Amino acid sequence: PGALLGIFLLPHIGLKNLQVISFVFIALCAMLLAVLFNPWHHHHTNGLFVLYCLLNFSLQSGVNITTFSLPSVLFPKKKRASFNGLAAAMGKIGAFIGSYSFYTIANISSYAVVMGLSCIVAIFGAILSDVFIDIKVINQNVTY
């Protein structure tokens, strides 16, 4: 369902806005999980499950789509294939580091701290996307 919403929203709000809004929603969900995990983890598990589902929905609805679409429109045509591959490799390295550090950080501190760090990373993603994604380049290379 999240991916379908992202596909529906894409022609209406554009790649850059979809990415930024998605990162903001991910940050909001992660922040709520960070704040509410400790008070809710014994008695309000249904509420935590709903928040987790919202987080998963937000991960699938925007960033999941723009991760594959943006490199193909942002890079120059002559270097697009190489840079798209490089961007995919960096994404895989980031996912590897995030996946393996998640467990370690949760064991050292708590799940709430991991969600707090995820919130911070998502905020940086939104800021960097807003600052560095050039809407003019996207508009030159995309037709919806």
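User: Why are H2 and H3 called roughly antiparallel to each other?

Analyst: In this predicted model, the axes of helix H2 (residues 45-74) and helix H3 (residues 80-108) cross at roughly 150°. Angles over 145 degrees count as roughly antiparallel, and H2 and H3 are therefore roughly antiparallel to each other. Their axes come within 9 Å, and H2 passes H3 in a right-handed crossing.

User: What makes the contact of H2 with H3?

Analyst: On the H2 side stand Pro71, Ser72 and Val73, and on the H3 side Arg80, Asn84 and Ala87. Contact here means heavy atoms within 4.5 Å.

User: How do the residues of the contact of H2 with H3 divide into nonpolar, polar and charged?

Analyst: Three of the residues in this contact are nonpolar, two are polar and one is charged.

User: How do you know which elements the chain has?

Analyst: The chain holds five helices and zero strands. Read from the N terminus on, its elements run α-α-α-α-α.

User: What share of the residues of the chain count as buried?

Analyst: A residue is called buried when its relative accessible area is under 20%. Of the 144 residues of the chain, 29% count as buried. The accessible surface of the chain comes to about 9300 Å², and 71% of that surface belongs to carbon and sulfur atoms.

Conventions. Residues are numbered from 1 along each chain as its sequence is written. This is a predicted model: local features need pLDDT of at least 70, side-chain atom pairs count only at pLDDT 80 or more; totals for chains, interfaces and linings use all residues. Side-chain values use heavy atoms; hydrogens and water are left out. Axes are lines fitted to C-alpha atoms, for helices over the stretch in contact, and angles run from 0 to 180 degrees between N-to-C directions. Helices (H or I, at least four residues) and strands (E, at least two) are DSSP runs, numbered from the N terminus. Angles under 35 degrees count as roughly parallel, over 145 as roughly antiparallel, 65 to 115 as roughly perpendicular and the rest as oblique. A crossing is left-handed if the near helix is turned anticlockwise from the far one by less than a right angle, and right-handed if clockwise. Ala, Val, Leu, Ile, Met, Phe, Trp, Tyr, Cys and Pro count as nonpolar, Asp, Glu, Lys and Arg as charged, and the others, Gly among them, as polar. Buried means under 20% relative accessible area, exposed over 50%, partly exposed in between (1.4 Å probe, protein chains only). Accessible areas come from the Shrake-Rupley method with a 1.4 Å probe; for residues, only the protein chains shown count as cover.
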